[in-house]
Amino acid sequence: MLLIIAFSLIYVEIKNSIVRNIFTHVIVQVFNKWEVRTMVVLSLLLQVCLVRCADTRRKYRGKWLPIVEVTVWSVFLLADWMANVVLSILLRGEVGHKDVVIWTSFMIWHLGSPYNITAYTVEDNELWLRRGFGMLVQVGEALYILIKFKSPIGPLNFVAILIFVAGFLRYLERVLVLRSASQKQLRDSLTSKKDTSEETTIIRTGRINFAMLNEYLCVPDQISFLRKAHLSSIIHKPLFTQLPFRVSKEFHNDRVFINPESSEDAFRLVGAELHFFYDLLYTKISLYVTHYRLSFSLRIFCLLSAASSLLALAMIHKQRQSTNNYHKKGTTDDNENVDIMITYLLLVGAMALDAHSFAVDARAMAWTRIWLPISPKWLNSKLSAHRARRKLKSMGQHDLVDYYIKAAGTSKLSRLVKFIDMHTGNYFQIYWYGHWKPIDRDLKDFIFCCLKKKRNLFETENFKFEFLTKLLAEFQSDGVSKRKSEEKGVSSAEDKEWVMDTTDFTRCVFLWHIATCLVYYDDLDKSQLCTTGKYGKIGKSLSDYMMYLVLARPLMLPLGFSEATNRDTYKEAQVFFHNEMKANWRDARKQFTLGLLAFNPEASSFYHGTSHENFSALFKGCVFGKKLQALVSEHRWDPEEKWKFISEVWMDMMTYAAGYCSWQQHADQLRRGGELLTLVSLLMAHFGLCTHIRRSEEADEDPESNSSFLGGEPFDDF
């Protein structure tokens, strides 16, 4: 924020000398005449664009995600910078317009930011104190302008003061929202002043009056759904502070509202929760819900301030037109008319943006109240579309085999593009050769059933924490292969063939992904994929998604040498290509797959003199691929059973990654539309499969604690 103010002052200081030295006197005059007017209008347009961009970044997931991120980031910074530049220019006294005082007040209004974006990243919330200091500087600057350059028209100054007060309150609201979303404040909000020192390490949550809970949820379906999601988000809010906490027996046994639900309803519920978490961390909407009286009053005041200012300005200008002095001919009259039009545009724009904010505020207040001032049936019908939007609809996919074939160019340009891409984060590989696919019902059912099985195993062990850590790390101990060995009666020697000799999780993803791709394409070429049922599609989708995470979201996974493995594996893959492979993609892919499955490292000099630690990912993937195919050809497994085994391995890897990923990373991904891994992590928290959650075995200490929630009065958080 302070950097933006500094750049604004630098621009104001150097612009005049640069413009005078480069352009003619006529152009300089035009520039000085229209500079502030243009910037004031641009400031309003940036506010409108910011509202649209904030909605887009919440929902968009696709190939153009980097462009969306850069666009939102640019608009977010430009909106603040433009308002600061206008204030700096007005402070120098270079503009003699009568409407300067009103324009100054509107710049403070714009710095308050729209309702749906207050921070670009989670780290912005931690800098709330810096933003508050910047607010004091900018508000002081605006006050100085209002006092020094006050309008000769007295009523115009009163209108400017009214808009200034509303803008200051909006700006103060932004700073307070940033503060409430900071880590320290989030942690402080989870504990009561009555908490003892023992309560500071384990946050107790879920203590609630269940009679009041039934009344709160006894509403039409759509409203009940949103209330359940909001209550769940409050229960799981300690996750985003990295604090361990306890959940009452009732909520833990009920799996926090998803016990009787289907997979579709469960995913919709956690998707809605993530929307509430996004609102908490990046918008003002959480304030609309938690402090609804204050927020609603502020919305009314800002809306009435803009409306009354518009009415007052219309009366002032009408009165001025009735005087003889106002009917002067010349350019001054034309310039004054332009200034009046800009002022009206600012007022109408402020009213439109605040009316939109008011509508969001009113809707949030309506479904969170136990009593409803409007018909519940009407509100229920209006929220149906709102409910459908509150879910993650797509997941990233990246197929390495497909990429190796398509990117196997021999021209100098293709090699140059690949060289630049490898040294700039592999964005071209991720977003150009990757794709996004819908999260279908079969995948949701599979994930939901796998987590239910883990929950049942956890329950049979009486919810022992030591067993939970083993359960989440089942991938490392090859739990799936051991279970299959017990079912099939396979010897322990054969079972050990699936044990990986690496502790690098991302390398394991590379090995299993290459093996899965080879098996998938081999089954496709042999027309066996139709016999795999739904598991062939599920296993391939999970494999491509985990590969996408390794390349695009490495910080969400255990640290590993993902870039080095990706680079070395790509170089290894190019050795298998021949000129005849590059004529037709389908034939090239078939020959590439058969060549890798038939590759025998013992009889080849390919690895001669090369360390397996650096160049063995592709080779080991081929070995695992041949082992998977041998399950059908040698051990007489059914193809569907083989793919179920592959899908379960990938599910174990996903739950391991979900348990490892910090919730700070999950919070950071919400600004990119969210990730399936975050949904799985939150779903695991509902099932109690989270190391941050403890099941409270104590009975309620006293009746008063039974009616409290998170240390507050009943439903204060609603």
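**Which side chain meets Glu69 in a salt bridge?** The partner of Glu69 is Arg671, with N and O 3.6 Å apart. Here, a salt bridge is a side-chain nitrogen of Lys or Arg within 4 Å of a carboxyl oxygen of Asp or Glu. This pair links distant parts of the chain: Glu69 belongs to helix H3, while Arg671 is found in the loop between helix H31 (663-669) and helix H32 (676-686), 602 residues apart. Helices (H or I, at least four residues) and strands (E, at least two) are DSSP runs, numbered from the N terminus. Glu69 and Arg671 are both buried; buried means under 20% relative accessible area, exposed means over 50%, and partly exposed is in between (1.4 Å probe, protein chains only). Through salt bridges with shared partners, Glu69, Asp668, Arg671 and Arg672 join into one network.

**A quick word on what you're looking at.** This is a predicted model, in which local features need pLDDT of at least 70 and side-chain atom pairs count only at pLDDT 80 or more, while totals for chains, interfaces and linings use all residues. Residues are numbered from 1 along each chain as its sequence is written, and side-chain values use heavy atoms, with hydrogens and water left out.

You'll find 33 helices and five strands in the protein. Of its 718 residues, 55% are buried. The protein exposes about 32100 Å², and 59% of that comes from carbon and sulfur atoms; areas like this come from the Shrake-Rupley method with a 1.4 Å probe, and for residues only the protein chains shown count as cover. Now take contacts (heavy atoms within 4.5 Å). Among those between residues at least 6 apart in sequence, 85% join residues at least 24 apart.

**Arg37 and Asp339 pair up in another salt bridge.** Their side chains meet at 2.7 Å, N to O. Arg37 sits in helix H2 and Asp339 in helix H15 (residues 331-368), so the pair ties together parts that are 302 residues apart in sequence. Arg37 counts as buried, at 4% relative accessibility, and Asp339 does too, at 6%. Why can pairs like this form? Side chains of opposite charge can pair when their charged atoms come close.

**Asp522 and Lys526 form a salt bridge as well.** Their closest N and O atoms are 3.1 Å apart. Asp522 is buried, with a relative accessible area of 4%. Over the structure, the salt bridge count comes to 27.

**Helix H29 is largely enclosed by the rest of the structure, because twelve of its 17 residues are buried.** Among the buried ones are Phe619, Lys620, Cys622, Phe624 and Gln629. H29 covers residues 617-633, and at 1.5 Å a residue it should span 24 Å. The expected span is 1.5 Å times one less than the number of residues. The end C-alpha atoms of H29 are 24 Å apart, which agrees.

**A nonpolar patch lies on the surface.** Look for Trp64, Ile67, Val417, Phe428 and Trp432, which together have about 520 Å² of accessible area. Patches are made of residues with over 30% relative accessible area and no salt bridge; like charges are joined within 9 Å, and nonpolar side chains (Val, Leu, Ile, Met, Phe, Trp, Tyr) within 5 Å. Trp64 is in the loop between helix H2 (25-59) and helix H3 (65-91).

Lys237 is buried, with a relative accessible area of 13%. Not counting residues up to four places away in sequence, Lys237 touches Leu186, Ser189, Leu190, Phe277 and Leu280. Gln242 isn't a glycine, yet it has a positive phi of about 65 degrees. At 30% relative accessibility, Gln242 counts as partly exposed.

**Phe257 also has a positive phi without being a glycine.** Its phi is about 75 degrees. Phe257 lies in the loop between helix H11 (249-253) and helix H12 (263-282), and counts as buried at 7% relative accessibility.

A disulfide is a pair of cysteine sulfur atoms within 2.5 Å, and a search of the whole structure finds zero of them. Cys49 counts as partly exposed, at 38% relative accessibility, whereas Cys661 counts as buried, at 4%.
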